[in-house]
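I opened the notebook to record what I looked up in this model. The entries follow in the order in which I made them.

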Amino acid sequence: ENDLESEARDYLAEIDRLTSQKCYESTVAEWDYATDINTQNEKAKLKMSLELAKLTKEIWTNVTITFKERQDFKDPDLLRKLKKIRVLGSAALPDDEYKKYAQLETSMTKHYSTTKVCPFETREACIYSLEPDLTKIMRESRYEGALRHFWTQWHDKSGGPIKKSYKQFIEISNQAAKLNNFNDMGELWLTAYESETIKDDVEQLWQTLKPLYQNIHAYVRAKLRNVYGDQFSDDGLIPAHLLGNMWAQSWENIYSLMVPYPKKSSIDVTQEMIKQGYTPLKMFQVADEFFTSMGLIPMPNEFWKQSLIEKPKNREVVCHASAWDFCNGKDFRIKQCTRVTTKDLVIVHHEMGHIQYQLQYKHQPYIYREGANPGFHEAVGDTIALSVITPKHLRKIGLLDKTVPIDDHETSINFLFAMALEKIAFLPFSYLIDKYRWDIFDGTVDESQYNTHWWKLRKEYQGIKPPSVRTEEHFDAGAKFHIPANVEYLRYFVSTVIQFQFHRSLCTEASQYSPEDPAKPLHNCDIYGSKVAGAKLADGLSMGSSRKWPEIMKVMTGQEKMDASAIREYFKPLEDWLTSVNEKMRETPGWN
Ligand SMILES: C[C@H](NC(=O)O)C(=O)O
Ligand SMILES: [Zn+2]
């Protein structure tokens, strides 16, 4: 090995310390702002993010000049690190452009997080927030007028006003991408998957799963037509405000309108949680206990001291749940406006999955302290939640009555139907969010078509339509957090597919599942307490992004590719049931 190679290694060790320190300071400033939105915290946050960008750019300059594309370097790990450092992202922008970029992102997220809407009935003040007010109404109300009112209010007030900012933001983002030698920001985002074929692979997965989605869509459409008849026409589309969720992204909240076997149990344990006096803290302790039951790492003391797990009364916060790594190997926090519901219990596991991943790779160098690809990070908590949410586990933790039968066919169909409302309904949504943004980044769509294109994709992929006429005055994509907050979304589509691969692998490890044993179907598996499954999961997570993700996928599942066979196997009993029920109802899947 030549001396330049050892010089490169020393330099990387030095920047590891520097970057971690600056990252800590910048993350603290971001946290202070996100948990107390005010001008002073906003200024401090922007100042720190500029400093971090400057340091990253300085390092990038040194690396590219001193150690430019050195083919003579032998150490593959050194080459991997240098390659990752070379993708600079938005920090490649000149200072004033970077400031504008950060300011736009901050102000769009602030607008989203503080938007208030007006009441339906009385002349009360317009003080309704997305969380908890509108989320609760969209979840629980069955009154079409109220759903229409709050859907329209939210979309008009959160999206429309940031449309101009978003157009500017796209332009600056593409400038940054070009400075990184990419055509546009969409292309830069996709480098996180380190695959020439990621777009084709995802399209292929969608084509495989589309029939199952259209089957569940047909059944839900028929059942909603029975409830909201006058809202339906013969275009085969479902009005977006009737699906129990502000963005129609997952439909578990309308389960009670269409339970396949009403006499059998369901996994909506919200009432039981309230009856048992569950608090947000209790929900976090239950989640932590699941991870430690598998021999995984407990949440550190810092976490319990510093996390924000309920919406404060006296100040504005960014309520959208998130998990934070403060880059110092000690400080990890969750920020969540937690409510006592089944859905939020799942979200707690989702967020804690992020923290578990961060704890598992905290010994890695800074450059590798991330998911193997963004989908991996989203899949950890969801994989655990697939066990938590089973009737078998809910009974284990006392949220489902022990006398209620859970192994019969009808209970399985009820359970799988509720899971499909969450996971299958989510597939087209999680695919179209970035298809939409790729089309804007690459110039296929300009700001004169932002809203038209949004509803074109929403119809094409989800088979839904808005409850009222939408025009280019509106910017309905901006009503979804990840657009103003600029969070890439393909990660959630990838996560929905691979979490079932992780689940199948860990269930096999825990002897909770075997393809030959009909008494151990995949959907009944609960890996709670399995140390061997925990060890297998930890093996993969502790690698961070130190190897290409197919290698890590192989460690965790024995496979190198994303594949839909696990999710299809999980839902197979439901798919058969849906096909026959839709035929009986003469409900033809699909729309024109
Ligand atoms: C699925 C995604 N989850 C998250 O942001 O944590 C969302 O809420 O849209
Ligand atoms: Zn997440």
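**Entry 1: His-354 and the zinc site**

I began with His-354, which lies in helix 13; helices (H or I, at least four residues) and strands (E, at least two) are DSSP runs, numbered from the N terminus. The model is predicted, so I noted the limits: local features need pLDDT of at least 70, side-chain atom pairs count only at pLDDT 80 or more, and totals for chains, interfaces and linings use all residues. Residues are numbered from 1 along each chain as its sequence is written, chains are lettered from A and ligands numbered from 1 in the order in which they are written, and side-chain values use heavy atoms, with hydrogens and water left out.

His-354 counts as buried because its relative accessibility is 8%. Buried means under 20% relative accessible area, exposed over 50%, and partly exposed in between (1.4 Å probe, protein chains only). Leaving aside neighbours within four places in sequence, I found His-354 in contact with Ala-323, His-377 and Glu-378, where contact means heavy atoms within 4.5 Å.

Which residues coordinate the zinc ion (ligand 2)? I found His-350 (NE2), His-354 (NE2) and Glu-378 (OE), at 2.0 to 2.2 Å. Donors here are N, O and S atoms within 2.8 Å of the metal (3.2 Å for Na, K and Ca); water is not among the atoms, so sites may look incomplete. The donor residues are spaced H-x3-H-x23-E in sequence. Distant parts of the chain are linked by the pair His-350, in helix 13 (residues 342-360), and Glu-378, in helix 14 (residues 374-388), 28 residues apart. Both His-350 and Glu-378 are buried.

**Entry 2: ligand 1**

I listed the residues around ligand 1: Gln-249, His-320, His-350, Glu-351, Phe-426, Lys-480, His-482, Tyr-489 and Tyr-492. A residue is near a molecule or strand if one of its heavy atoms lies within 4 Å of it. This shell divides into three nonpolar, four polar and two charged residues. In that scheme Ala, Val, Leu, Ile, Met, Phe, Trp, Tyr, Cys and Pro count as nonpolar, Asp, Glu, Lys and Arg as charged, and the others, Gly among them, as polar.

I then looked up distances to oxygen atoms of ligand 1. A polar side-chain atom of His-320 lies 2.8 Å from one. For Lys-480, an N or O atom in the side chain is 2.8 Å from an oxygen atom of the ligand. His-482 also places a polar side-chain atom 2.8 Å from a ligand oxygen. Taken alone, ligand 1 exposes 270 Å², and the protein buries 79% of that; the areas come from the Shrake-Rupley method with a 1.4 Å probe.

**Entry 3: Trp-438**

Trp-438 is in helix 17 (residues 426-441). I logged Trp-438 as buried because its relative accessibility is 7%. Not counting residues up to four places away in sequence, Trp-438 touches Gly-186, Leu-190, Lys-199 and Leu-490.

**Entry 4: backbone checks**

I found a cis peptide bond joining Glu-131 and Pro-132, with omega about 5°. Pro-132 is in helix 5.

Asn-181 is not a glycine but has a positive phi of about 65°. Asn-181 sits in the loop between helix 7 (163-179) and helix 8 (185-190). Is Asn-181 buried or exposed? I logged Asn-181 as exposed, because its relative accessibility is 71%.

Asn-486 has a positive phi of about 60°. Asn-486 lies in the loop between strand 4 (464-465) and helix 19 (490-509), and is buried, with a relative accessible area of 16%.

Conventions:
Polar contact = N/O pair within 3.5 Å; in protein donor to acceptor, adjacent residues only side chain to side chain.
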